[in-house]
Amino acid sequence: MALKRYPSLSSTQKLTFCLLYEIGKGSSSWWFPYFKHLPTTYETLATFGEFEKQALQVDYALWEAEKAASKSRAEWRGVKGLMEESNIKNQLQTFKAWLWASATISSRALYVPWDEAGCLCPVGDLFNYAAPEAESFDIMDVSSFSQHASLNGNITTDGLHKEEQDTQRALTDGGFEENVSAYCFYARESYKRGEQVLLSYGTYTNLELLQYYGFLLQENPNDRVFIPLEHDIYSSSSWPKESLFIHQNGNPSFALLSALRLWATHPNKRRGVGHLAYAGSQLSVKNEVLVMQWLSKNCHAVLNNLPTSVEEDNQLLCNICKIQDLQVPRELGKMPSTVRGEFCAFLETNGLVNREETELQLTGKIKRSLERWKLAVQWRILYKKALVDCISYCTRTTCSLSS
């Protein structure tokens with residue numbers, strides 16, 4: 001095979017190419033029985049069209065979707081020469097085919113220690129996902145923070161993040177075991193006959209689940225919601241940006257609270273209270289109230305700047321489900337203008353305006369777009385709910401401090 005003449009290709013590009021190459025063999029491929037059972041479509045972020053990307057609404061989610069699409073297109077372009085040289089069927093050389101193959105690798109490949117792309121494992125890729133319980137700074141023993149303090153009294157967090165990464169890598173239910181030359185899976189609980197066996201693929205936020213697997217969880221203990229933070233907040237502590245988030249239940253992360261407490265402290269006094277902030281302690285009632293007020297105010301600002309509310313999104317979601325059930329909603333005029341505009345844009349884009357319910361026929365392309373749109377709306381609902389819950393958290397905390 002001509003792969004050796006393309007040393008710059010990544011492991012993922014090579015495996016994706018090999019998948020398309022084998023599929024091109026048809027029934028003569030040893031893998032043919034496996035290929036027949038692969039999904040025909042995926043809803044990963046890279047497959048989102050412009051309409052579906054905009055439906056995410058939140059800037060960093062849009063950026064991730066754009067980045068995923070750009071990455072897929074760049075990888076495809078890098079392999080086009082190899083595909084032409086290998087005489088792969090023309091329909092398998094298209095970007096559409098590449099998106100499908102790369103999504104197959106992204107969502108179904110299992111980790112192996114000798115190749116970054118992983119491997120395809122028939123039967124082993126049939127298990128649905130169960131999120132592991134959150135392993136974060138919020139549940140770490142406070143004493144562990146002091147172990148990473150430098151000799152000059154400054155707190156460093158590099159060691160903590162290394163520990164968190166090592167822990168997350170262990171939060172899977174299977175792996176290749178060299179002593180038996182097989183991929184082994186282990187159940188974390190006892191299952192009764194007929195129950196579905198769920199496995200953890202690792203720790204993922206909902207946006208990451210969308211990016212790599214094409215689904216999300218209504219309850220995800222590892223989800224993270226980010227809001228814009230001022231530069232001074234980042235520079236006031238040594239916490240990395242990715243640790244400054246809000247949990248799905250609305251609670252700010254350990255690191256975010258620590259950083260905000262330091263930021264709300266006068267710069268001349270931060271060194272003296274740094275050890276308390278990094279240990280998760282409140283610095284003072286006044287400081288804590290300032291933190292809660294800032295957090296609540298900024299969550300409000302983010303929500304107000306988004307085009308739709310949680311209530312409007314829920315109404316929109318119900319109408320998306322109606323279309324999936326081959327029903328055109330009759331009461332578009334009663335929808336809020338923001339939701340009605342988005343809904344009508346989808347109908348117009350797909351030629352569904354002025355259709356009667358009995359005439360409504362959804363092509364495969366429209367069904368896929370509907371599913372991606374639905375996922376985008378579900379994601380933004382969960383994002384907004386986390387901010388609403390964070391506002392409630394701040395209100396409760398402020399009240400308890402005042403009593």
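Me: Which residue in E5 does Gly-174 stand opposite?

Reply: The model is a predicted one. In it, strand E4 (residues 174-177) and strand E5 (residues 182-185) run antiparallel and are joined by four bridges. Within this pairing, the residue of E5 that stands opposite Gly-174 is Phe-185.

Me: In the hairpin of E4 and E5, which residue takes a positive phi?

Reply: The hairpin has four residues between its strands. The residue in question is found in the loop between E4 and E5, and its phi is positive at about 50° although it is not a glycine. The residue is Ser-181.

Me: Is Ser-181 buried or exposed?

Reply: A residue counts as exposed when its relative accessible area is over 50%. The relative accessibility of Ser-181 is 56%, so this residue is classed as exposed.

Me: Where is Gln-57 placed, and is this residue buried or exposed?

Reply: Gln-57 lies in the loop between helix H3 (50-54) and H4. Its phi is near 70°, a positive value in a residue other than glycine. Buried means under 20% relative accessible area. With a value of 13%, Gln-57 is therefore buried.

Me: How are H4 and H5 oriented to each other?

Reply: Two packed helices are described by the angle between their axes and the distance between the axes. For helix H4 (residues 59-85) and helix H5 (residues 95-108), the axes come within 10 Å and cross at roughly 110°. Angles of 65 to 115 degrees count as roughly perpendicular. The orientation of H4 and H5 is therefore roughly perpendicular.

Me: How are H14 and H15 oriented to each other?

Reply: Helix H14 (residues 337-349) packs with helix H15 (residues 364-402) at an angle of about 160°, and their axes are 12 Å apart. Angles over 145 degrees count as roughly antiparallel. The orientation of H14 and H15 is therefore roughly antiparallel.

Me: Which residues of H14 make the contact with H15?

Reply: The crossing of H14 and H15 is right-handed. On the H15 side, the contact is made by Ile-366, Ser-369, Leu-370, Trp-373, Val-377 and Arg-380. The residues of the contact of H14 with H15 divide into six nonpolar, one polar and two charged.

Me: What separation is found between the C-alpha atoms of Asn-319 and Phe-343?

Reply: Asn-319 is located in helix H13 (residues 310-324), and at 7% relative accessibility this residue counts as buried. Asn-319 and Phe-343 are 24 residues apart along the chain, and their C-alpha atoms are separated by 8.5 Å.

Me: Among contacts in the protein between residues at least 6 apart in sequence, what percentage join residues at least 24 apart?

Reply: The protein has 15 helices and eight strands. Of its 403 residues, 46% are buried. Among the contacts between residues at least 6 apart in sequence, the share that join residues at least 24 apart is 67%.

How values were computed. Residues are numbered from 1 along each chain as its sequence is written. This is a predicted model: local features need pLDDT of at least 70, side-chain atom pairs count only at pLDDT 80 or more; totals for chains, interfaces and linings use all residues. Side-chain values use heavy atoms; hydrogens and water are left out. Axes are lines fitted to C-alpha atoms, for helices over the stretch in contact, and angles run from 0 to 180 degrees between N-to-C directions. Helices (H or I, at least four residues) and strands (E, at least two) are DSSP runs, numbered from the N terminus. Angles under 35 degrees count as roughly parallel, over 145 as roughly antiparallel, 65 to 115 as roughly perpendicular and the rest as oblique. Buried means under 20% relative accessible area, exposed over 50%, partly exposed in between (1.4 Å probe, protein chains only). Two strands pair if DSSP finds at least two bridges between them. A crossing is left-handed if the near helix is turned anticlockwise from the far one by less than a right angle, and right-handed if clockwise. Contact means heavy atoms within 4.5 Å. Ala, Val, Leu, Ile, Met, Phe, Trp, Tyr, Cys and Pro count as nonpolar, Asp, Glu, Lys and Arg as charged, and the others, Gly among them, as polar.
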